[in-house]
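Here are a few notes from my pass through this one. Have the structure open while you read.

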Amino acid sequence: MFDIHKNHRNLVVLALLGFLILSLGVAIFPAYQSQNNTEPLPQMEPMSEVELRGLQLFIKEGCVACHTQQVRSIEMDKTWGSRPSIPSDYYYSKQRMDIWRQSPSLLGSERTGPDLTSIGNRQPSEEWHLLHLYNPRIVVPESIMPSYPWMFEEKVNPDEDEKVLSVSDEFKRKGTEIIPTRDALDLVAYLQSLKQAPLTGQQPEFIPSARKKQEGINTSDKQGKDLLPDGKNLYMSTCSACHQAEGTGLPGAFPSLSGSSVVNDEDPEMLVRIILQGYDARPEFAQMPGFADQLSDAEIAAIANHERTNWGNDAPEITEEEVRKIRNFVINQTQ
């Protein structure tokens with residue numbers, strides 16, 4: 001069909017088609033999907049105009065070349081954040097610059113300098129950041145970071161409303177004061193805004209019925225028969241902070257349970273195993289902890305049944321005995 005050995009035009013056309021197909025599959029479609037399937041975490045606040053200007057300066061000055069903003073799922077990265085990074089962490093900073101240009105990547109590729117994921121929590125002081133930009137050796141003697149003197153001015157008589165840095169004569173000309181420019185203040189405002197948002201909000205206190213019995217809390221009716229757990233209340237107290245009250249989840253952070261193939265599967269084993277053991281197999285979502293030590297078999301069955309019969313889901317209900325069998329199977333597998 002394509003005589004690429006003798007017809008160079010066909011060769012060029014075929015190469016161009018291959019390039020376009022690969023570009024669509026590797027770059028354009030994934031970027032579009034990520035942009036449209038990610039939402040901010042509940043406690044994330046939109047970036048202010050000052051912080052957005054600081055973000056552009058962060059990119060312009062090449063800070064991304066030495067500093068990362070990503071926490072990996074490994075022990076050594078716990079220094080930089082309370083949890084591994086997820087797409088929602090970059091929701092506000094990764095909005096498109098315009099219709100043609102995506103915001104430059106802030107993930108970084110090396111840690112010549114420390115990771116900045118939560119630098120706003122680790123180092124909230126504006127004065128420290130300004131001194132660090134003016135001359136990093138003032139605050140970190142062993143630092144190899146370059147100085148940014150063009151972001152500061154030397155003045156003999158600064159105005160009253162200007163911020164004056166407390167710099168010793170060793171690092172400035174005698175008789176002058178160091179004044180940060182608007183760029184320096186904006187960049188520091190952006191750095192101070194880098195705080196890893198918690199995955200969940202304040203959750204209601206939840207006492208599993210297994211622990212209620214241990215603590216002498218009545219879980220039986222007047223005839224002494226065990227009451228069935230309320231699946232909706234259990235879901236609201238243990239699951240809704242992440243998966244939301246209507247099971248819609250949060251794009252870029254927590255998967256939707258509405259219409260989920262796992263939730264609607266006639267075989268409930270996968271769903272029960274996820275509740276018991278947690279889940280960390282999909283990098284586009286946050287890691288889910290396991291609830292094997294917190295929930296009884298009856299409570300897990302109640303939560304699973306609530307999920308399988310609401311929000312348009314229509315799957316057979318499961319019993320406490322089924323959950324018990326799956327739990328025992330999981331325990332035997334891990335021993």
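**Notes on the model**

1. Starting with helix α1: this helix covers residues 8-36, and Leu17 sits in it. Keep in mind that we're looking at a predicted model.

2. Leu17 also belongs to a nonpolar surface patch of about 580 Å², together with Val13, Leu16, Phe19, Leu20 and Ile21. How exposed is Leu17? Its relative accessible area is 42%, so it counts as partly exposed, since the exposed class only starts over 50%.

3. On to the rings. Searching the whole structure turns up five aromatic pairs. One of them joins Tyr91 and Tyr92, edge-to-face, with 5.1 Å centre to centre and 85° between the planes. Tyr91 is partly exposed at 23% relative accessible area, and Tyr92 is partly exposed too, at 22%. Buried would need a value under 20%.

4. Tyr148 and Trp150 make another edge-to-face pair: the ring centres are 5.2 Å apart and the planes sit at 65°.

5. Last, helix α12. This helix runs over residues 297-308, twelve in number, and spans 16 Å from first C-alpha to last, close to the 16 Å expected at 1.5 Å a residue. How many of the α12 residues are buried? Twelve of twelve.

Definitions and conventions
Residues are numbered from 1 along each chain as its sequence is written. This is a predicted model: local features need pLDDT of at least 70, side-chain atom pairs count only at pLDDT 80 or more; totals for chains, interfaces and linings use all residues. Side-chain values use heavy atoms; hydrogens and water are left out. Helices (H or I, at least four residues) and strands (E, at least two) are DSSP runs, numbered from the N terminus. The expected span of a helix is 1.5 Å times one less than its number of residues. Buried means under 20% relative accessible area, exposed over 50%, partly exposed in between (1.4 Å probe, protein chains only). Patches are made of residues with over 30% relative accessible area and no salt bridge: like charges are joined within 9 Å, nonpolar side chains (Val, Leu, Ile, Met, Phe, Trp, Tyr) within 5 Å. Accessible areas come from the Shrake-Rupley method with a 1.4 Å probe; for residues, only the protein chains shown count as cover. A salt bridge is a side-chain nitrogen of Lys or Arg within 4 Å of a carboxyl oxygen of Asp or Glu. Rings of Phe, Tyr and Trp (its six-membered ring) pair if their centres lie within 6.5 Å; planes under 30 degrees apart count as stacked, over 60 as edge-to-face and the rest as tilted.
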